[in-house]
Amino acid sequence: MASSDTWIKEYNEAARIADDINGMISERISLPASGPETQRHASAIRRKITILGTRLDGLQSLLSRPTGKPLTDKEMNRRKDMVANLRSKANQMASAFNMSNFANRESLLGPETKQDAMSRTVGLDNSGLVGLQRQIMKGKLFLFHFQME
């Protein structure tokens, strides 16, 4: 039951982040059309959208590798729908900020393999995680810049 509670807590946190993003998008209307404050606000929104995408990937990963008490098919489908709906909402928010690469993450990072991000990070400390992140970003940076142009 603990793993189920973990999934629910993670989902609720992801939903809270999505609500925060919606609030930040609403606040954007009160900001000037341009300037440093507007740019900082837009950057914060983009950062939160990226965090949300990472959380959703983690939720999806937890569903593909259930631990503890098995879920019924009905509950598994319900959770998959919850993640899909939240991902759709995240994609809509991303497209509002012209973050089309987020919406089509596979074009940037390639298709997810069995060795997903969770399994690659097992046993890494903070500096190991940063090193892995830099290695991944170094390999994808050229593609990212190419797609942004």
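**View 1. Leu52 and its contacts.** Leu52 touches Ala14, Ile17, Ala18, Ile21, Ala90 and Met93, leaving aside residues up to four places away in sequence. Contact here means heavy atoms within 4.5 Å. The model is predicted: local features need pLDDT of at least 70, side-chain atom pairs count only at pLDDT 80 or more, and totals for chains, interfaces and linings use all residues. Residues are numbered from 1 along each chain as its sequence is written, and side-chain values use heavy atoms, with hydrogens and water left out.

**View 2. The largest nonpolar core.** Leu52 also belongs to the largest nonpolar core, which has 22 residues. Such a core is a set of buried Ala, Val, Leu, Ile, Met, Phe, Trp, Tyr and Cys residues joined through side-chain atoms within 4.5 Å. Buried means under 20% relative accessible area, exposed means over 50%, and partly exposed lies in between (1.4 Å probe, protein chains only). The residues with the most contacts inside this core are Trp7, Tyr11, Ile21, Leu52, Leu56, Leu59 and Leu86. H1, H2 and H3 are the elements that give two or more residues to it. H1 supplies the largest share, eight residues. Helices (H or I, at least four residues) and strands (E, at least two) are DSSP runs, numbered from the N terminus. In soluble globular proteins, nonpolar side chains tend to be buried together.

**View 3. H2 against H3.** The axes of H2 and H3 come within 10 Å and cross at roughly 160°. Axes are lines fitted to C-alpha atoms, for helices over the stretch in contact, and angles run from 0 to 180 degrees between N-to-C directions. The two helices, H2 and H3, are therefore roughly antiparallel. Angles over 145 degrees count as roughly antiparallel, under 35 as roughly parallel, 65 to 115 as roughly perpendicular and the rest as oblique. H2 passes H3 in a left-handed crossing. Left-handed means that the near helix is turned anticlockwise from the far one by less than a right angle; clockwise is right-handed. On the H2 side, the meeting residues are Ile49, Leu52, Gly53, Leu56, Asp57, Leu59, Gln60 and Leu63. Their partners in H3 are Met76, Arg79, Lys80, Val83, Leu86, Arg87, Ala90, Met93 and Ala94.

View 4. A salt bridge is a side-chain nitrogen of Lys or Arg within 4 Å of a carboxyl oxygen of Asp or Glu. By this rule there are eight salt bridges. Glu10 pairs with Arg55, the closest N and O atoms being 3.7 Å apart. Glu10 sits in helix H1 (residues 2–27) and Arg55 in helix H2 (residues 36–64), 45 residues apart. Glu10 is partly exposed at 31% relative accessibility, and Arg55 is partly exposed at 29%. Asp20 and Lys48 form another salt bridge (3.3 Å, N to O). Asp20 lies in H1 and Lys48 in H2, so this pair ties together parts 28 residues apart in sequence. Asp20 is partly exposed at 26%, as is Lys48 at 25%.

View 5. Glu75 forms a salt bridge with Arg78, with 2.8 Å between the closest N and O atoms. Glu75 and Arg78 are three residues apart in helix H3 (residues 73–96), so about one helical turn separates them. Arg78 is partly exposed, at 40% relative accessible area.

**View 6. Asn77 in H3.** Asn77 lies in helix H3. Asn77 is partly exposed, at 43% relative accessibility. Asn77 and Leu63 are 14 residues apart in sequence and 9.8 Å apart in space, C-alpha to C-alpha.
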